Amino acid sequence: MATVTATDANFDEVVLKSDKPVLVDFWAAWCGPCRQIAPSLDAISEEQAEKITVVKLNIDENPATAAKYGIMSIPTMSVYQDGEVVKTIVGAKPKAAIEKDLADFIG
């Protein structure tokens, strides 16, 4: 599985210091739409592994990072490049729509 799990403790190392774009899925176990998009994100992480890293961060277990980036609703997917948020996708979408949103990074 290409998807990586991030925590408050390793977020800087896993996400901010990455040498390629990182899609962070801010999610929680109780979030139905988060569970809906999980298979799509897993597929993207495997199909696009050389171009983008897909990281999941459980906001209930890691509230500091979610608060730092102002995550108010989930699922929120943020693309980080060179330590900065360069794109934010909010809400559940089909895989094709997520890939379209990521075209600048995986195209």
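This is a predicted model: local features need pLDDT of at least 70, side-chain atom pairs count only at pLDDT 80 or more; totals for chains, interfaces and linings use all residues.

User: What makes strand 4 and strand 5 a pair, and in which sense do they run?

Analyst: Two strands count as paired when at least two bridges are found between them. Strand 4 and strand 5 have six bridges, in the antiparallel sense, so they are called a pair. One of the contacts along the way is V79, whose bridge partner in strand 5 is K87. The two strands form a hairpin with two residues between them, and D82 in the turn has a positive phi of about 55 degrees.

User: What about strand 1 and strand 3: how do you know that they pair?

Analyst: The cut-off of at least two bridges applies here as well. Strand 1 and strand 3 (residues 53-58) have two bridges, in the parallel sense, so they qualify as a pair. In strand 3, K56 is the bridge partner of T5.

User: Why are strand 1 and strand 5 said to stand at the edges?

Analyst: Five strands make up an open sheet with mixed pairing, in the order 1-3-2-4-5. Strand 1 (4-5) and strand 5 (84-90) each have a single partner strand, so one side of each is left without a neighbour in the sheet. Helix 2 (residues 32-47) packs on this sheet, where it touches strand 2 (22-27), strand 3 and strand 4. The direction of helix 2 makes about 160 degrees with that of strand 2.

User: How does the reach of helix 2 compare with the expected span, and where is its kink?

Analyst: With 16 residues, helix 2 reaches 24 Å from its first C-alpha to its last, close to the 22 Å expected at 1.5 Å a residue. The kink, of about 35 degrees, lies at A38, shortly before the proline P39. Among the buried residues of helix 2 are C34, I37, L41 and I44. The buried residues of this helix pack against strand 2, strand 3, strand 4 and helix 4 (95-101).

User: Why is S78 called buried?

Analyst: The cut-off for buried is under 20% relative accessible area. S78 has 4% relative accessibility, so it counts as buried. S78 is found in strand 4, and beyond its close sequence neighbours it touches V22, L23, V24, F26, V85, K87 and T88.

User: And I74, which is in a loop: is it buried or exposed?

Analyst: I74 has a relative accessible area of 17%, so it is buried. Its place is in the loop between helix 3 (63-68) and strand 4 (76-81). I74 and C31 are 43 residues apart in sequence, and 7.4 Å apart in space, C-alpha to C-alpha. Contacts of I74 include F26, W27 and I59.

User: What makes V15 a buried residue, and what does it touch?

Analyst: V15 has a relative accessible area of 2%, so it is buried. V15 lies in helix 1 and, leaving aside neighbours within four places in sequence, is in contact with V22, V24, V55 and Y80. The C-alpha atoms of V15 and G83 are separated by 7.2 Å, although the two are 68 residues apart along the chain.

User: Which residues have the most contacts inside the largest nonpolar core?

Analyst: They are F11, V15, V24, F26 and I74, in a core of 17 residues. Helix 1 (11-16), strand 2 and strand 3 each supply at least two residues of this core. Apart from it lies another core of 13 residues, including I52, V54, I89 and F105.

Note on methods. Residues are numbered from 1 along each chain as its sequence is written. Side-chain values use heavy atoms; hydrogens and water are left out. Helices (H or I, at least four residues) and strands (E, at least two) are DSSP runs, numbered from the N terminus. Buried means under 20% relative accessible area, exposed over 50%, partly exposed in between (1.4 Å probe, protein chains only). Contact means heavy atoms within 4.5 Å. Axes are lines fitted to C-alpha atoms, for helices over the stretch in contact, and angles run from 0 to 180 degrees between N-to-C directions. The expected span of a helix is 1.5 Å times one less than its number of residues. The bend at a residue is the angle between axes fitted to the seven residues ending there and the seven starting there. A nonpolar core is a set of buried Ala, Val, Leu, Ile, Met, Phe, Trp, Tyr and Cys residues joined through side-chain atoms within 4.5 Å.
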